[in-house]
Amino acid sequence: MRIERREEISKIVLYSLPFLSILASLIFVGILLWFVGVNPIEAYYIMLIRTFGSKLGLSELFVKSTPLILTGLAVAIPMRAGLWNIGAEGQLYMGAFIASFVALNFASPFAIPIMFVLAAIFGAAWAFIPAILKAKFELNEIISTLLLNYVAIYWVEYLVYGPMRGKNVYNFPYSDLFPECATLPRFFDTRLHLGVIIAFLIVFIMYLTFRKTSFGFSVNVVGANPRAAEYAGIDRKKIIVYTMLIGGAIAGIAGMEEISGIHHRLRAAISPGYGYAGIPISLLAKGNILAIILSAMLFGFLYVGGSALQTTYSIPIAVVYIFQSLVVLFIIGGEFFVRYRVVR
Amino acid sequence: MKKLIVLAVLIAATLLLLGCTQEKTTEQKKEFKAAFVYIGPVGDAGWSYAHDQGRKFIEKKYGIKTSYSESVPEGEAERVIREYAEQGYNIIFTTSFGYMDPTIAVAKDYPNIVFEHCSGYKTAKNVGTYFGRIYQADYLTGIVAGMMTKSNKIGYVAPVPIPEVIRGINAFALGVKKVNPNATVHVVWVGTWYDPAKEREAAESLINEGCDVIAQGQDSPAAQQVAQEHGVHSIGYNSDMYKFAPKAHLTAAIWNWSVVYDYIVKNVMEGKWKSEKIWWGIDKGLVGLAPFNEVVPEKVKKVVQEEKEKYLKGEVPEQYPFVGPIYDQQGKLVKAKGEVMSDEELLSMMFFVDNVVGEIPK
């Protein structure tokens, strides 16, 4: 038995595929919901209404999708050059760390722009380590980026239990609240913050970069065929370093936006795994920059809709997690079976 | 790809329209509803489990509708709390310290809903706080451990270095000291509230060091099970963990949240609620001890009972055992004889008493 690439795939099948996959997963999850005593049709209706039908739901959809869009990009851009950036989580934490440091020590009207720039630099620096190791020594970037996550996460944990522990927090492991000048402005009495707009802006800039510049073209060539790229005179090592730097910088910005837009203080566990979620988001979008928005919003919807399910039915969190992972599994799995077939 | 995006936008737009028109018709008739937001899973025999027992109690007693969300991360809490507020719940209980800022933020927008936050220090006109003096129960379990140990080494598997935990360890150690001045309490930090594998490892290392009673501060009963496997004794936490280690489990410091939920819900239903900072102890029954294991001798039970009576009869202040003389690990006198630690000092406690072995991570 072996797996073979299908030669012809009908356009209709290809485009309707994500929707068919979602439908299939909904049927599957429906059975599961029915088992825990919830009417699946009503449950799906509630998920949709609560997410798209109210100011709270819609604003939360965007709030939730914002870090996912950024970490999705942080994975997708190196992926275009054939690299696996598993380190978006750590890069996010480094961005959050430096942003908090600025917010707490250098309050000024310029705090926000400084936080953005430094978060991008620190995120990029965190990605530079595995990038240079890959470029110079061909060290596997999957392992190095993954392991650096732990360093970054524990670094932030050390800080909030130690030097950055706040004075007004009764010795809880949090920093003090940021001054107002270091928090991102919010809109419409919701948690919708400036970072949401910036995330969309970054997507647009990246889209243009990869569509219109020779750099973008070089990245695509390296990703498609590294050897051909070198024949064509493209410096593959440079591309490796640059794409990782861009990815790291964007993940760092994600950390800054979370800390300055949502939490308003440094704490451990600032991200429920946004960096890791970036991997399926990028896969789902197939590296297409604009499609990252859609695929991140799907994840955002699963988060927001998932908590709507919880607040309505008090169902176990495990059911929500299974729901979320099944949808993703079906979409990525469906893709595989359309593109390939099993031959005896 | 472009077609896909257009299609998706169209779908989103129709859903939006659908949502806006349907929203008003789903409004339900008025009934009293209470919501609970938990940090952990309700099935863990730990912190959230104990709260959920309280939820079930008031649901039954008052026949009201209750609802809960489990394992809500701190960053998500604001949305979950707001969702309950939007759905017209009369009272919302948020049961983790990290929910403090989100609770205050949402409460500002819903002045007619009552919010109760567990274990924090910020209140508002419609936000009260509640917590229990579990250290009183920890003190009593320390007495049990101090009298039961033969090696004079007692292990403590500690979750995270925050004042609440440190207070518990100190009270436990003061209980040990009261009955057994030669015994020491050895602390190993795990760094999480719920990680059975790590807790297991920590308990094993303590037993290898020679500890013959293992106490814990986490939500999972892993340390209890390790104690049972190694034939040593254990002290549970949060809820009665007897069934996980029937041979090892001597007793446990337990929460009985139904007492405080009963009080708050009753007040809200009768319109008598006002913002309070509740911090009740063993006299109100908010904290207590799990039933003793049959291996605990009568004389131990008697000493515990005597000490417990002191609280019940009001012979000691609520802060007891944090009454001087109290020495820290360096032997420095923290509180002179007869001096009582203030609630403020208890809430920000960051030192170990002299019979604790181990450091507070800085």
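Colleague: Hi! What pLDDT does chain B average?

Modeller: Hello! This is a predicted model, and chain B averages a pLDDT of 90, with 92% of the residues scoring at least 70.

Colleague: Where in chain B is the pLDDT below 50?

Modeller: Look at residues 19–28 of chain B, where the pLDDT is below 50. Beyond near neighbours in sequence, that stretch has ten contacts in the model. Where pLDDT is low, the predicted coordinates should not be read in detail.

Colleague: Good to know. And what does chain A average?

Modeller: Chain A averages a pLDDT of 88, and 100% of its residues score at least 70.

Colleague: Where in chain A is confidence lowest, and where is it highest?

Modeller: Strand β2 of chain A, residues 340–343, has the lowest confidence in the chain, at a mean of 76. Helix α4 of chain A, residues 88–105, has the highest, at 95.

Colleague: What ipTM and pTM does the predictor give the complex?

Modeller: The ipTM is 0.84 and the pTM is 0.85.

Colleague: On to the chains themselves. How many helices and strands does chain A have?

Modeller: Chain A has 13 helices and two strands. Its C-alpha trace spans about 65 × 60 × 35 Å along the principal axes.

Colleague: What is the radius of gyration of chain A, and what would a compact globule have?

Modeller: Chain A has 21 Å. A compact globule of 344 residues would have a radius of gyration near 20 Å, so the two agree.

Colleague: And how many helices and strands in chain B?

Modeller: Chain B has eleven helices and 15 strands. Taken along the principal axes, its C-alpha atoms fill a box of roughly 75 × 55 × 40 Å.

Colleague: Which domains is chain B divided into?

Modeller: Domain 1 covers 30–132 + 257–280, and domain 2 covers 134–254 + 291–357. Taken over C-alpha atoms, the centres of these two domains of chain B are separated by 29 Å.

Colleague: Let's switch to details. Where does the kink in α5(A) lie?

Modeller: The kink lies at F128(A), shortly before the proline P130(A), and is about 30 degrees. Helix α5 of chain A runs over residues 111–137 and has 27 residues. From its first C-alpha to its last it reaches 38 Å, close to the 39 Å expected at 1.5 Å a residue.

Colleague: What follows α5(A)?

Modeller: E138(A) does, and its phi is positive, near 55 degrees. Another residue to look at is H264(A), a residue other than glycine with a positive phi, near 65 degrees. H264(A) is found in the loop between α10 and α11 (274–284) of chain A.

Colleague: One last topic: which residues does a cis peptide bond join in chain B?

Modeller: One cis peptide bond joins Y320(B) and P321(B), with omega about 10 degrees. A cis peptide bond also joins G324(B) and P325(B), with omega about 5 degrees. P321(B) has its place in the loop between α10 (298–312) and β13 (326–327) of chain B, and P325(B) lies in the loop between α10 and β13 of chain B.

Notes:
Residues are numbered from 1 along each chain as its sequence is written. Chains are lettered from A and ligands numbered from 1 in the order in which they are written. This is a predicted model: local features need pLDDT of at least 70, side-chain atom pairs count only at pLDDT 80 or more; totals for chains, interfaces and linings use all residues. Helices (H or I, at least four residues) and strands (E, at least two) are DSSP runs, numbered from the N terminus. The expected span of a helix is 1.5 Å times one less than its number of residues. The bend at a residue is the angle between axes fitted to the seven residues ending there and the seven starting there. pLDDT is the predictor's confidence in each residue, from 0 to 100. Two residues are in contact if their C-beta atoms, placed from the backbone, lie within 7 Å. Domain bounds come from an automatic or database domain assignment. The radius of gyration is taken over C-alpha atoms; the globule rule is 2.2 Å times the number of residues to the power 0.38.
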